[in-house]
Each structure stands twice: as C-alpha cells, then as structure tokens.
Amino acid sequence: MSVLEFGFLVLAGVAAGLTGSIAGLASLISYPALLAIGLPPVTANITNTVSLVLNSVGSVSASRPELTGQARRLLPLGVAALLGGTAGAVLLLLTPSGAFERIVPFLIAGASAAILIQRPPRELAEEGHREHPVPGDPWWLALGTFAVCIYGGYFGAAAGVLMLAMYLLGTGETLPRGNAMKNLILGVANSVAAVGFVLFASIAWSAALPLAIGLFLGGRLGPRIVRRSPPGALRKIIAVAGLALAVRLGIQAFS
C-alpha cells in the first residue's frame, strides 16, 4: 500500500468514525473507501467490519457520562448483541449478502423517518445530561437488538440508524444517551463478528490498520459533538442522511 492510500484511508476513517458515532452511518464512507483502493466487495465488507471495532472503542470511551446509570439495561442488550452479531457473521460466511438488498432501503427509510418525527417526552423535559433513573424498558427491546445485530453482522449498512431509532422510540432517552447506547451495543455485535472474520475469513490488514486508526479518532470526537449539538437539528441531519442512503441503495437494488 502506498503512503497516499494509507493517508486516504486514515482520513476516510476519521470521517466515517464521526459519521458512525453520531449517526450510525460509518459504512457509508468507510466501505466505498475500501472499494476505491481496489479491494473486492466481500473482502472490503469483512475488512470494514473488523476496522469498525475501533470506532466503537473510540466512541464508547468518549461516552462515559451518557452511559452512567445504564448498566442494568445494557447487560441484556449486550447479550442480545453478542448472539445477533455471531449469527450475522455466520450467515455472511455461509451465504451471499445479496438477500437483503431489496429489503434494506425500506428498513433504513423507516428508521430514518422514526428518528425525524420522534420526540421522546424526557428529551423535551430535560436540559443538559443529568443522571436519572433508567425506567423499565419494553420487552421487545432485547429482541429488536438481536434482530438488528444479525443484520449488522450480515449486511451492516446503516445498522446504527436502525438501532438508534429503536432505542429512542423504546426508551424515551435523550439523543446523547440513546446514541451512547447504540455505540456500545453495536460495538459488541461488531466485535464478535470481527472475531469470526479474523478466524475464518480473509482480511486486508494493510487497509484495516489505517482505516481503524481514523475510525478510532473519529469515534472519539463524535460523542462530544452530539453532547453539544441541538438535538432537534441533529435528528434532522441523521434522518436526512439515512433517507439519502435508503434512496441510493434502493436505486442500486432495483435498477
């Protein structure tokens, strides 16, 4: 790999890390970047998943204030993510990811719309990021996490948008706290999928390293931006980006 390609992947990783830790759309940047340097699609997909582990490390390490007091809910969600990520990785290794291509645009569009229109009552009632008790979450939250993590390990496009919409709708948390939940739980799913790929698949390590460095740096910055941004405006940006991705994937799937 040339110095130019190395630098390109670091910069792409920073942009993807920011996008991923804020909106759950890291692969919108990181995956095309891997294709741009000549990796075949399957190798790029697997290499991208492995690199994204560093995005989660960066974003979770920067989200400690938002994760405070959430351990009780995160444990069952983490178990669901572990099982879902494992199942998704196994599916990807055994079957082509094209089975999801015509369904994915509708999933992403629906999640993006939910982020756009949803205004959790506690987000309206609270200012800042004070600690507060975690309420009883709906029974389906762990099941939904399991399903999204299967999708994330198998196909991956905008899995973070799906998860963020589900957590905001299901918990009524503020955007920064819901986003921190998403980063941690999706990180669990990506990590277990990455372990499977390291053991049983071919990874382009020369590309994974610079991409992972950038993803870590971008992941560290993202939660700070979410913490300081107007939640209403940020919701609209996430929703519009998700809808744009849904349109793009829809055109590719049905053309």
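**View 1. Helix α1 passes helix α2 in a right-handed crossing in this predicted model.** The axes of α1 (residues 3-23) and α2 (residues 27-36) come within 8 Å. They cross at roughly 160°. An angle over 145 degrees counts as roughly antiparallel, so α1 is roughly antiparallel to α2. On the α1 side, the contact is made by Phe8, Leu9, Ala12, Ala15, Ala16 and Thr19. On the α2 side, Ile29, Ser30, Ala33, Leu34 and Ala36 take part. By class, the residues of this contact divide into nine nonpolar and two polar, with no charged residue.

**View 2. Helices α5 and α8 form a right-handed crossing.** Helix α5 spans residues 71-94, and α8 spans residues 140-154. Their axes come within 7 Å and cross at roughly 30°. The two helices are therefore roughly parallel to each other. From α5, the contact takes in Leu77, Ala80, Ala81, Leu83, Gly84, Gly85, Ala87, Gly88, Ala89, Leu91 and Leu92. These meet Leu141, Ala142, Thr145, Phe146, Cys149, Ile150, Gly153 and Tyr154 in α8. The contact has 14 nonpolar and five polar residues.

**View 3. Helix α3 packs against α11 at an angle of about 25°.** Helix α3 covers residues 41-61, and its axis lies 7 Å from that of α11. That angle makes α3 roughly parallel to α11. The crossing of α3 and α11 is right-handed. Helix α3 brings Thr47, Asn48, Val50, Ser51, Leu52, Leu54, Asn55, Val57, Gly58, Ser59 and Ser61. Helix α11 answers with Trp205, Ala208, Leu211, Ala212, Leu215, Phe216, Gly218, Gly219, Arg220 and Pro223. By class, the contact of α3 with α11 has eleven nonpolar, nine polar and one charged residues.

**View 4. The structure holds one cavity of 30 Å³ or more.** The space in the largest cavity is about 30 Å³. Its lining consists of Ser63, Glu66, Pro176, Asn179, Ala180, Pro223, Val226 and Arg227. Helices α10 (175-200) and α11 (205-228) each supply at least two residues of this lining. Four lining residues are nonpolar, two are polar and two are charged.

How values were computed:
Residues are numbered from 1 along each chain as its sequence is written. This is a predicted model: local features need pLDDT of at least 70, side-chain atom pairs count only at pLDDT 80 or more; totals for chains, interfaces and linings use all residues. Side-chain values use heavy atoms; hydrogens and water are left out. On a 1 Å grid over the protein atoms alone, a cavity is a set of points where a 1.4 Å probe fits but cannot get out, and a pocket is an open set with protein on both sides within 12 Å along at least five of seven lines; lining residues have an atom within 4 Å of a point. Grid points are joined across faces, edges and corners, and a volume is the space filled by probe spheres set on the points. Helices (H or I, at least four residues) and strands (E, at least two) are DSSP runs, numbered from the N terminus. Ala, Val, Leu, Ile, Met, Phe, Trp, Tyr, Cys and Pro count as nonpolar, Asp, Glu, Lys and Arg as charged, and the others, Gly among them, as polar. Axes are lines fitted to C-alpha atoms, for helices over the stretch in contact, and angles run from 0 to 180 degrees between N-to-C directions. Angles under 35 degrees count as roughly parallel, over 145 as roughly antiparallel, 65 to 115 as roughly perpendicular and the rest as oblique. A crossing is left-handed if the near helix is turned anticlockwise from the far one by less than a right angle, and right-handed if clockwise. Contact means heavy atoms within 4.5 Å.
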